[in-house]
Amino acid sequence: TSGDRNAAKSPAHLLNDGQIDLQHNEMRWLSAAEVPHTIDFEWPSAKKLTAIRVVSGYLSGAHVVAPIQSFVLQFDDNGTWRDIEATDTEDNTAIDWHCRFDPIASHRFRLQVRATEGDISRIWEIELYAPVKE
């Protein structure tokens, strides 16, 4: 990640640990302040992806509020980060956001967060999906 708010209390491994419990804020990753924030995913060999899901925000009283507002999934194209246009999102209000896109293969993907309430990304989970085998 580009920075953790408190690596001991909200470590980066919470971003994709497979657990989403909107009733527990302590199960989220929190970024350091000041956007943009970046979260990188890397593999030794290229992976083909076709979808992303992001669950973000925080529990306030009985409601989950303040999901990340502006963001895009990017892929590494021989050392240059390229946006996946279908994922370019502005004015998001969805706590549980997802998007499908044409298959893209790369060994590195990055979620770049450009705007969020209070300049802090609060993310329970990021899920990246490969194409369904036919």
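Buried here means under 20% relative accessible area, exposed means over 50%, and partly exposed is anything in between (1.4 Å probe, protein chains only). This is a predicted model, so local features need pLDDT of at least 70, side-chain atom pairs count only at pLDDT 80 or more, and totals for chains, interfaces and linings use all residues. Residues are numbered from 1 along each chain as its sequence is written, and side-chain values use heavy atoms, with hydrogens and water left out.

**Aromatic pairs**
- Rings of Phe, Tyr and Trp (its six-membered ring) pair if their centres lie within 6.5 Å; planes under 30 degrees apart are stacked, over 60 edge-to-face, and the rest tilted. That rule gives two aromatic pairs.
- Trp43 and Phe109 make an edge-to-face pair, because their ring centres are 6.1 Å apart and their planes sit at 75°.
- Trp43 belongs to strand S2 (residues 37-56) and Phe109 to strand S7 (residues 96-115), so this pair ties together parts 66 residues apart in sequence. Strands are DSSP runs (E, at least two residues), numbered from the N terminus.
- Phe109 is buried at 0% relative accessible area, while Trp43 is partly exposed at 24%.
- Phe71 and Trp97 are also edge-to-face, with centres 4.8 Å apart and planes at 90°.
- Here strand S5 (residues 70-77) supplies Phe71 and strand S7 supplies Trp97, so the pair links parts 26 residues apart in sequence.
- Phe71 is buried at 1%, and Trp97 is buried at 12%.

**Charge over a ring**
- The charged end of Arg28 sits over the Trp124 ring, 5.6 Å from its centre. To count, NZ of Lys or CZ of Arg must be within 6 Å of the ring centre and within 35 degrees of the ring normal.

Notes. Helices (H or I, at least four residues) and strands (E, at least two) are DSSP runs, numbered from the N terminus.
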